[in-house]
Amino acid sequence: MPEFFHPDRLQKLADLQALGADPYPARSPQERDRAATLSACFEQREGHTVTICGRVSGRRGYGKLAFLDVQDESGRIQACLQKDRLSADDFALLKVLNLGDFVAVTGELSKTKVGEITVFGDGDFTILTKALENPPEKWHGLADSELRARQRYVDLFSNPDVREDFLRRSAVITAMRRVFLEHNYHEVETPVLHPIYGGASARPFLTHHNSLDMTLYLRIAPELYLKRLLVGGIERVFEFARVFRNEGLSPRHNPEFTMVEFYQAYSDYQGMLALTEELVVAAARAAGLEGGDGSLKAMFREQEYDLTPPFARVRYADAFLEHTGIDLLDRQALADKMAEHEVAPADGGDYAWWKAVNELFERLVEPELPGPVFVTDYPAAICPLAKPSASDPVWAERFEFFLGGMELANAFSELNDPQLQLQKFEQQVADKDDPEAPNQVDWDYVRALAYGMPPAGGCGIGVDRLIMVLLGKDTIRDVLLFPHMRAEEGLGEAGEEVAGAQLSE
RNA sequence: GGGGGCAUAACUCAGUUGGUAGAGUAGUUGGCUUUUAACCAAUAAGUCCCAGGUUCGAGUCCUGGUGCCCUCACCA
């Protein structure tokens, strides 16, 4: 068992109690000022009595005088505690104060001799929370990337940039939500536990419901439930959905991640394209990427991306032709290329053929698409949930959005022909070679379509990856507050089977 | 899962050819009423990731394992 409770600090806590103080009072001062506000509005508040609350992040003591750095969410401000301006009891608290403790200081807002804005304590000085663990080194902060992720709470308070970045993530999501609401969308929540997994191709996590004795899957996408809502007559829906995919970890993959999916009746993939562009632009603004001239530029992996709209659009077939020199209708040239790259269709069927073509696309074309760019009109055979083009059913009304070398969004004119949908489901389920294919036909979804789903556009955006690009973070771990980690040794039962929480029995 | 790298005090890091485990910060004690990585003095603190092996002797060399990072594969 690691030592969480530092013996010296336990002694200080006892000393604090001996002074008659509560180390963990329930109440804080009713009114308090934020550090950033006091700095910004110093002229108006100078000479007035103010109160600050926060964590002590620095301390410079002089016997009868001490300077404290007090840190709240908004920033840092200095407090000065002097023996001749405080009660003897309050001044004695300095003796039992450690870095990392939370305090409240009431006093006059003024400046020191060297001009630093400072709260000169002359009213109440209280310890609001006694910390029993040492904060990290004050100059370097917490640097070890594993510790930063495992103990994000420490990372957040000891590295101000980290806190700033996560608040920017929050602002980005708020901005996207605002765009949806401006377009009269409704925010909904759909199940996370799915009896049949679908709406994407990925391996699921399994779980088990004890009293129903049934296997359930953590959702890999909310898509099929959101479209049921279109059937039900809710015309514009979105969900910021945590989804779970049972695949390897990497700088771009976490087993659970956030997608925002949205569906709009009486729209189509072109409508989704326009809205996606609007969302990305709003997100970029919220991330603070707007330059003085109104342009939006993101730096990601040492490359600059211009997010000033409109973004480029290119048809799938045109992009393929441009980067490989091959016409997608030229089967012989494609077959030659497949042989060259050791890509082989699983069988003679259309589905297998186009899957192989798409593998070429991912290998040869996608790396040439740094973005931002919309690739439109995908082969219909590999789009089981997209509506084929009326003018040429080889192509589906679908686009993907690429940025920073990653696929960030995927959208279609939603397939609403129940018979065609059933056929596509059956085809997928029959693909035994694909471990990511759905486990069974989602009959209820087919039935829902049978009642009629209005023509609609739908789209899913990978929120974490979008934020990676906007904040210039190389790894997804840096945009997730608590990225998945293996169980830490020596911390107790984490990772062990807990009675009542088994998958089965 | 394959390949490469890292693991030393609470934190940031040194550690020579294999020869008694080190510094700074944080902590503790004392001094100091305008500092800001305050300063001065004293002091405490280690499963050198784990388990084996080689050796008179291992933080250091070898084998195996664990965790993390990078990379490839799969994926968003």
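## Surroundings of the RNA

A residue is near a strand if one of its heavy atoms lies within 4 Å of that strand. In this predicted model, 50 residues surround RNA strand B, and the closest are Lys12, Glu116, His253, Arg465 and Arg477. By class, this surface consists of 22 charged, 15 polar and 13 nonpolar residues. On the RNA side, 61% of the atoms within 4 Å of the protein belong to sugar or phosphate, and the rest to bases.

## Individual contacts with the RNA

A sugar or linking oxygen of RNA strand B is 2.8 Å from an N or O atom in the side chain of Glu247. A base nitrogen of RNA strand B lies 3.3 Å from a backbone N or O atom of Gly63. Among the elements that give two or more residues to the surface near the RNA are helix 1 (7-18) and strand 1 (49-61). Helix 5 gives the most, with four residues.

## Salt bridges

Side chains of opposite charge can pair when their charged atoms come close. The count in this model comes to 30 salt bridges. One of them joins Asp101 to Lys130, with the closest N and O atoms 2.6 Å apart. Asp101 is buried, with a relative accessible area of 0%, and Lys130 is buried as well, at 2%.

Arg169 forms a salt bridge with Asp464, at 2.9 Å between the closest N and O atoms. Arg169 lies in helix 7 and Asp464 in helix 15, so the pair ties together parts that are 295 residues apart in sequence. Both Arg169 and Asp464 are buried. Elsewhere, Arg60, Asp69, Arg76 and Glu116 are linked in a network of salt bridges.

Notes:
Residues numbered from 1 in each chain as written. Chains lettered and ligands numbered in written order. Predicted model: local features only at pLDDT ≥ 70, side-chain atom pairs only at ≥ 80, totals over all residues. Heavy atoms only, no water. Polar contact = N/O pair within 3.5 Å; in protein donor to acceptor, adjacent residues only side chain to side chain. Nonpolar A, V, L, I, M, F, W, Y, C, P; charged D, E, K, R; others polar. Salt bridge = Lys/Arg side-chain N within 4 Å of Asp/Glu carboxyl O. Buried < 20%, exposed > 50% of the residue type's maximum accessible area, 1.4 Å probe, protein only.
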